[in-house]
Amino acid sequence: VTVLVALRVGRIASVILAVTIVTFLLMRALPGDPAQALLGRGASPADLEEVRADLGLDSPPIQQYGNWLWGAVRGDLGTSYRTGRSVTGLVVERAPVTLELVALSQVLALMVAVPLGLWTAHRSGRRLDKATRAVSMGLYSLPGFALGTLLVQVFAVRLQWLPASGFVPWSDSPAGHLRAMVLPVLTLAAWQAAMYTQLLRSDAANILNEEYIETARFKGLSTRRILFVHTLKPGSLSLINMVAVNVGVLIGGAVLIEVLFAWPGLGRLMVDAIAARDLMLVQGGVLVTAVAFVLLNALADVLTRRVDPRVQGNGSR
Amino acid sequence: MYFTALLAGVLLLSACSADDASSEDAADSDVADPTVVGSDETTTTAQSAGEAETSAGIDEVQPAQPVAGGELVYGLEAESPQGFNVAAWFCGPSCRMVAKSVFDPLLVVTSSGTMKPYLAESVVPNSDATEWTITARSGVLFHDGTAFDAEAIKANLEARTASPIYADAFANVESVTVVDELEVLVTMKAPWSVYDRWLAGPAGYMMAPSMMAAEDGANNPVGTGPFIFGEWVLDDRLTVEKNGSYWQEGLPYLDKVTFRPIPDGIARVASLRAGDLDVMQTDQDELIAELRGVDGVRTVESQLFGESNFYNFNSTRPPFDDIRVRRALVMATDVDQLNELRGFGVSLVANGPFPPGTLGYLENPGVPSFDPDAAAELIAEYEAEVGEVVISLMTTQSPSLLKNAQIVQEMWRTVGVDVEIEQVEFTEFISRDVTYDFDLDDGRLFGGNDPDLQYRWWIGGQVGGFTDPEIDRLVGVVRAATDPAVRKTAAEDINRRFAEQSHYLFTSWTVWVAAATDEVGTLNLSFDDGEVVGVVLGDHFLTETSLNL
């Protein structure tokens with residue numbers, strides 16, 4: 001077991017290392033000069049050289065990467081070129097905002113998708129199933145920022161029930177915090193609820209045709225028990241993996257929602273950093289999202305095996 | 001999917017940052033020349049004349065009895081990630097809104113163009129403008145309790161001279177000497193008749209020496225302004241609180257201001273309409289058009305000293321090193337139609353670098369008229385001699401700039417010019433622009449009310465790479481001449497020269513708007529003689545602003 005764990009940890013570490021190397025190379029390959037971005041149009045060559053030296057950009061790339069990696073191992077992700085602030089501090093400040101947004105949106109999406117997916121699988125071909133599929137298709141095809149804008153126009157501008165933008169820390173006002181959460185979470189959860197519903201419906205529909213389900217029916221088990229106990233468990237394998245992938249993606253990729261609602265999240269921080277060639281910040285952000293992604297996938301593997309012990313380490317039976 | 005999401009975000013934010021950064025270039029330009037406003041030569045176009053009251057950025061709302069107290073929430077178009085060391089970094093409209101709350105400038109320019117000492121008691125040149133004497137207002141304290149005095153002014157001015165962003169423009173400063181407790185003498189290498197105009201912008205915002213010395217000073221601004229810096233959560237909010245010991249007795253009225261950066265314009269307008277914001281700023285034509293029709297919201301519009309939107313020809317290489325090609329594209333561009341199609345008719349059609357109200361403005365500087373046939377002839381003549389004209393138009397990922405590019409691409413195609421549109425990120429854009437690695441790109445620059453503020457862009461043809469000794473000579477006259485009439489003539493000659501040489505293709509002048517709900521009192525700063533400072537280049541003072549509590 002120890003060897004397996006060590007192998008697993010080694011694999012995770014090598015994936016994360018590879019991601020940071022690729023990010024470093026990609027950022028170096030991007031056209032545009034960070035020093036020029038900082039100083040703007042009027043800077044002289046001497047000024048630019050000075051800033052490049054301050055930023056450590058004048059040393060060989062391998063040395064730059066090595067310095068960064070050595071710092072990262074010690075918990076120091078360096079200083080952001082653009083803001084002059086500690087990358088670790090910025091990531092730590094932003095991560096909870098995004099994590100809360102992503103977590104709540106997943107909870108909401110699953111709260112909708114699980115009962116609806118199971119029920120439409122059970123009542124396949126009926127009105128609710130057809131209506132759910134139609135709505136799901138609509139939500140798929142509606143970009144997140146379009147749905148968000150629509151929700152803002154209705155609930156914030158017209159009805160003035162909820163704020164149109166802004167993040168309110170829990171410490172400032174718990175009620176304000178929750179009100180500010182509603183529209184972003186709803187926007188992010190909507191298309192995922194649609195996706196999860198259809199995914200679960202599809203898997204559950206196959207399971208409902210299995211012989212052991214028929215047996216359960218003959219035994220007189222209630223529909224609720226058949227669906228939530230005997231169908232959900234084997235039918236959720238794809239869903240678990242999809243949720244894990246989605247959460248990983250959204251930790252860095254909820255940027256459109258963060259921009260639309262002016263939230264100080266991790267995705268917005270990263271996108272700004274990429275645009276400004278803020279290498280240190282991009283490296284730090286990618287490291288955090290890569291770690292989250294890999295850990296979530298590992299968690300998904302564990303959960304999958306708990307659900308179905310026949311599943312191997314690579315997620316297949 | 002992860003990278004797709006990131007890429008989409010990059011596209012969205014690059015659009016915003018492109019606009020922000022270009023407006024930052026005009027950051028230190030909000031100064032005026034009293035010699036030209038109201039003269040015959042400053043006759044405005046029909047559009048601006050019809051909106052004379054609002055287009056000067058003056059807020060018409062003036063409560064009879066302002067009520068003290070309350071918190072105002074202000075929606076900014078961008079964050080200021082580099083902080084508020086205004087000597088070290090460009091300070092765009094959003095930065096200036098915050099900076100004007102915490103810092104005071106040495107001088108201000110009123111909406112009629114009059115220069116007025118503000119934090120300085122006086123700013124006076126000698127007869128040939130080789131020396132300037134700046135006298136500090138006495139009894140003023142920085143928020144850290146230290147005195148605003150001659151030493152503080154010297155530290156601030158020397159920081160500008162040493163700064164990469166001001167070094168070009170301020171290279172003419174020989175020395176800054178403390179004369180006594182309140183007086184500073186600035187000695188120039190050569191006459192500089194309009195040095196004071198720079199001091200009305202961020203170059204004249206006075207920071208506390210303690211802030212400039214602190215390692216993290218940019219993130220903890222300390223000034224003498226009406227509000228004291230409170231808390232800053234990057235990309236979320238920055239708060240300032242009333243300075244109870246402000247040197248202007250009884251001011252400010254507001255207890256607190258929260259600045260919220262909301263880069264997405266649609267989200268910013270929605271936040272204003274939803275009541276999350278009290279005031280917001282914008283220069284986006286489509287948002288201005290929308291805001292004009294919102295009940296309970298007033299728009300304070302400013303066309304004063306606005307930046308020019310233009311196409312920038314790279315004159316260092318073919319084909320734009322040939323005036324025939326530059327001139328042909330100017331004649332092939334229907335700027336009226338362009339403005340209608342892309343800007344909802346909000347912006348003013350530009351005929352040069354100086355909008356109405358700015359020294360050098362001319363109703364007709366001699367820009368070649370829209371004449372596609374003549375343009376086609378010039379292109380044919382050039383192609384017969386040199387070869388086919390195939391050009392790349394470099395632009396950022398801003399949707400509105402792309403729309404512009406597509407419109408002119410079609411206009412130029414009709415005269416025989418093939419144009420490839422190349423969209424790049426702003427960082428790449430600026431890097432390639434300054435190294436002249438492009439054929440043609442777009443820009444928004446040259447804002448400000450005095451041609452001297454463009455010194456660093458035009459001397460030696462910095463923007464566009466043209467070589468024009470006549471422009472260099474005229475820019476020198478504008479900087480050095482002490483006779484207003486000589487300066488006026490030189491500035492107008494610059495305008496004519498740009499029109500004649502087609503160094504740039506000017507399309508429109510920017511309109512800036514501060515939109516406020518009915519709960520908000522005046523956005524003006526007023527003086528006893530009736531002069532006011534309103535919205536200029538996207539920012540304004542909040543010193544006399546109040547809320548209807």
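## Cis peptide bonds in chain B

Pro252(B) lies in the loop that connects β9 and β10 of chain B. The peptide bond between Leu251(B) and Pro252(B) is cis, with omega at about -5°. This description concerns a predicted model.

A further cis bond runs from Pro318(B) to Pro319(B), where omega is near 0°. Pro319(B) sits in the loop between β13 (308-313) and α11 (323-331) of chain B.

Gly75(B) has Met280(B) in β11(B) as its bridge partner.

## The six-stranded sheet of chain B

Chain B also has an open sheet of six strands, in the order β14-β18-β13-β17-β15-β16 and with mixed pairing. At its edges stand β14 (348-349) and β16 (418-423) of chain B; each has a single partner strand, so one side of each is left without a neighbour in the sheet.

The strand β14(B) is joined by two bridges to β18 (residues 504-509) of chain B, and the two run antiparallel. Leu348(B) stands opposite Trp509(B), a residue of β18(B). Helix α12 (residues 335-343) of chain B packs on this sheet and touches β14 and β18 of chain B. Its direction makes about 45° with that of β18(B).

## Chain A

Chain A contains 14 helices and zero strands. Read from the N terminus, its elements run α-α-α-α-α-α-α-α-α-α-α-α-α-α. The C-alpha trace of chain A spans about 85 × 60 × 35 Å along its principal axes.

Arg277(A) is in the loop between α13 and α14 (279-307) of chain A. Its phi is near 55°, a positive value in a residue other than glycine.

## The contact between the chains

The size of an interface is often given as the accessible area lost when the parts come together. Here chain A and chain B bury about 4,400 Å² between them, and 59% of this is on carbon and sulfur atoms. In chain A, the residues that lose the most area to chain B are Arg41(A), Arg85(A) and Val259(A), which together account for 18% of what that side buries. The contact involves 51 residues from chain A and 48 residues from chain B.

Across the interface of chain A and chain B there are 10 residue pairs in polar contact. On the side of chain A that touches chain B, at least two residues come from each of α2 (34-39), α5 (87-122), α7 (144-158), α11 (237-253), α12 (255-260) and α13 (266-275) of chain A. The largest share of that side is the six residues from α13(A). Sorted by class, the side of chain A that touches chain B consists of 25 nonpolar, 15 polar and 11 charged residues.

## Salt bridges

Over all chains the count is 36 salt bridges. One of them pairs Arg268(A) with Asp235(B), with the closest N and O atoms 4.0 Å apart. This pair crosses between chains: Arg268(A) is in helix α13 of chain A, and Asp235(B) is in the loop between β8 (227-233) and β9 (237-242) of chain B.

Between chain A and chain B the count is four salt bridges. Among them is the one in which the side chains of Arg277(A) and Glu425(B) meet, at 3.0 Å from N to O. Arg277(A) is the loop residue with the positive phi described above.

Note on methods
Residues are numbered from 1 along each chain as its sequence is written. Chains are lettered from A and ligands numbered from 1 in the order in which they are written. This is a predicted model: local features need pLDDT of at least 70, side-chain atom pairs count only at pLDDT 80 or more; totals for chains, interfaces and linings use all residues. Side-chain values use heavy atoms; hydrogens and water are left out. Contact means heavy atoms within 4.5 Å. Buried area is the accessible area (1.4 Å probe) that two parts lose on being put together, summed over both. A polar contact is a pair of N or O atoms within 3.5 Å; within protein, one must be able to donate a hydrogen and the other to accept it, and residues adjacent in sequence count only if both atoms are side-chain atoms. Helices (H or I, at least four residues) and strands (E, at least two) are DSSP runs, numbered from the N terminus. Ala, Val, Leu, Ile, Met, Phe, Trp, Tyr, Cys and Pro count as nonpolar, Asp, Glu, Lys and Arg as charged, and the others, Gly among them, as polar. Two strands pair if DSSP finds at least two bridges between them. Axes are lines fitted to C-alpha atoms, for helices over the stretch in contact, and angles run from 0 to 180 degrees between N-to-C directions.
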